[in-house]
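Here's a quick briefing on the pockets of this model and one of its sheets. Have a look at the structure first, then work through the points below.

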Amino acid sequence: MNGSHTTSLPWSPTNAYKYNPNNGNVNNNNKTNNNYARCVRLEKEQSLALFEFQNIYDSYRSCREGKRGTINALKFEENLEQNLQELYYSLKNRTFKPRRSVCFTVLKPKPREIFAADFRDRIVHHLIVNELEKVFEPAFLKESFACRKGKGTHKAVRHLQKNMRKIIGGNGKRKRAYFLQLDVQNFFMSINKKVLFSLVEKRVVGFVGWSDSFKQDLLWISKLIIFHDPTKGFTQKSSKKISDLVPMHKSLINVEKGTGLPIGNNTSQFFANIYLHELDFYVKNVLMCRHYVRYVDDFILLSDSKEQLLGWFWRIKDFLKNDLLLNLKTEVILLPLSNGVDFLGYIIRPWSVFVRKRVLINFKKKIVVYNKLVVSGDLDDFDKKHFCSTKASYLGHFKHANCFRIKKELLDNVA
């Protein structure tokens with residue numbers, strides 16, 4: 001080696017690539033650097049420990065999105081640095097305990113009981129989900145659309161419609177096909193915590209990307225959140241008259257010990273996907289159903305044979321009962337695809353999508369209330385802003401359906 005630039009080996013003492021922490025693959029065409037060490041920025045690496053302060057801060061940033069105006073978030077941010085430090089040490093020393101939840105009832109589309117965790121606890125929820133996503137997201141099937149990045153209701157509708165077209169065929173050779181629509185009975189209140197944690201534990205232990213201590217920390221905090229009972233010492237925000245509208249079997253207060261997840265927590269939504277991933281795998285890889293879609297606990301199977309769908313129904317019923325300790329709702333829908341599928345606020349047919357009648361009726365009621373305020377002169381800025389937001393939400397829903405004429409008629413009636 002007579003010259004200082006003749007070697008192409010990344011580890012050569014005469015080559016700047018020796019100092020390149022990215023395996024010498026960055027700037028590999030730069031051979032005339034006069035042997036100066038060139039710093040190359042590393043991509044974010046996997047944390048060596050779960051409870052690093054940076055992880056907790058990132059989870060806080062994720063948690064506060066859209067929540068900065070809430071009372072809990074504002075209180076936490078009054079002494080942000082101190083609160084984050086206390087949370088960090090409580091997790092690191094395993095002294096963390098969930099605080100009491102706030103319970104309230106929402107009435108639409110039907111009465112539901114919500115248990116909202118304290119803002120500090122929601123930071124921990126985000127920390128858990130951020131890590132578990134790395135394990136489970138690659139395993140989740142493409143047919144699952146709820147609470148996943150890049151998924152959602154509209155993509156679920158398009159996926160179902162695409163599968164409807166596939167199964168009935170085209171080019172004048174369309175055949176008769178059917179759909180089986182099923183729903184899990186009282187799903188969130190029926191999730192068995194031992195079964196859920198065993199599913200989490202199995203995947204985490206088998207994941208090769210983490211150290212044993214990282215896995216132990218993740219399993220400890222996951223178990224703590226899964227088995228936490230938010231009904232102990234909670235604060236009730238809704239009046240008794242309102243809270244009593246929730247059916248007893250839909251209330252977390254009345255569930256059997258060791259079952260039920262609170263609706264409203266970030267972890268609950270993700271744990272629901274973990275739980276029903278077992279169903280997805282069974283339908284796709286055991287029953288070998290080619291055309292399938294699931295959104296939370298509402299799922300649909302397609303086939304050109306009514307008898308096949310009926311057989312699948314009984315096998316799914318047994319699988320849910322024996323393996324996941326769940327029951328199907330007594331209402332079973334098995335109809336020709338030509339009837340249209342009522343799913344996620346739409347009536348879906350192979351070549352058209354319509355808005356559900358109930359959605360149209362609800363929007364009409366909003367318009368009537370708004371028009372009365374306009375006529376009476378009682379409309380204030382808050383009401384106007386609220387209606388504009390509501391209208392935008394409905395129009396966003398209508399945009400994905402074939403309803404131009406109906407949409408125009410509704411908007412023409414706005415005062």
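Helix α12 is the top contributor to the lining of the largest pocket, giving 5 residues; helices (H or I, at least four residues) and strands (E, at least two) are DSSP runs, numbered from the N terminus. Bear in mind that this is a predicted model, where local features need pLDDT of at least 70, side-chain atom pairs count only at pLDDT 80 or more, and totals for chains, interfaces and linings use all residues. Residues are numbered from 1 along each chain as its sequence is written, and side-chain values use heavy atoms, with hydrogens and water left out.

**Largest pocket**
- The largest pocket holds about 2000 Å³ of space, a volume being the space filled by probe spheres set on grid points joined across faces, edges and corners.
- A pocket here is an open set of points on a 1 Å grid over the protein atoms alone, where a 1.4 Å probe fits, with protein on both sides within 12 Å along at least five of seven lines; lining residues have an atom within 4 Å of a point.
- P109, K110, R112, R356 and R358 are the closest to the centre among the 50 lining residues.
- Elements giving two or more residues to this lining include β2 (112-116), α10 (266-286), β8 and α12 (357-376).
- By class, the lining has 22 nonpolar, 12 polar and 16 charged residues (Ala, Val, Leu, Ile, Met, Phe, Trp, Tyr, Cys and Pro are nonpolar, Asp, Glu, Lys and Arg charged, and the others, Gly among them, polar).

**Second largest pocket**
- The second largest pocket comes in at about 970 Å³.
- It has 34 lining residues, with K67, A116, A117, R122 and G264 nearest its centre.
- Here α4 supplies the largest share of the lining, 6 residues.
- The lining splits into 12 nonpolar, 12 polar and 10 charged residues.

**The β8-β9-β10 sheet**
- Three strands make an open, antiparallel sheet in the order β8-β9-β10 (two strands pair if DSSP finds at least two bridges between them).
- β8 (341-343) and β10 (352-355) are the edge strands, each with a single partner, so one side of each has no neighbour in the sheet.
- Strand β9 (residues 346-349) is joined to β10 by 4 bridges, and I347 has F354 as its bridge partner in β10.
- Helix α5 (residues 153-168) lies across β8, β9 and β10 at about 25° to β9 (contact means heavy atoms within 4.5 Å; axes are lines fitted to C-alpha atoms, for helices over the stretch in contact, and angles run from 0 to 180 degrees between N-to-C directions).
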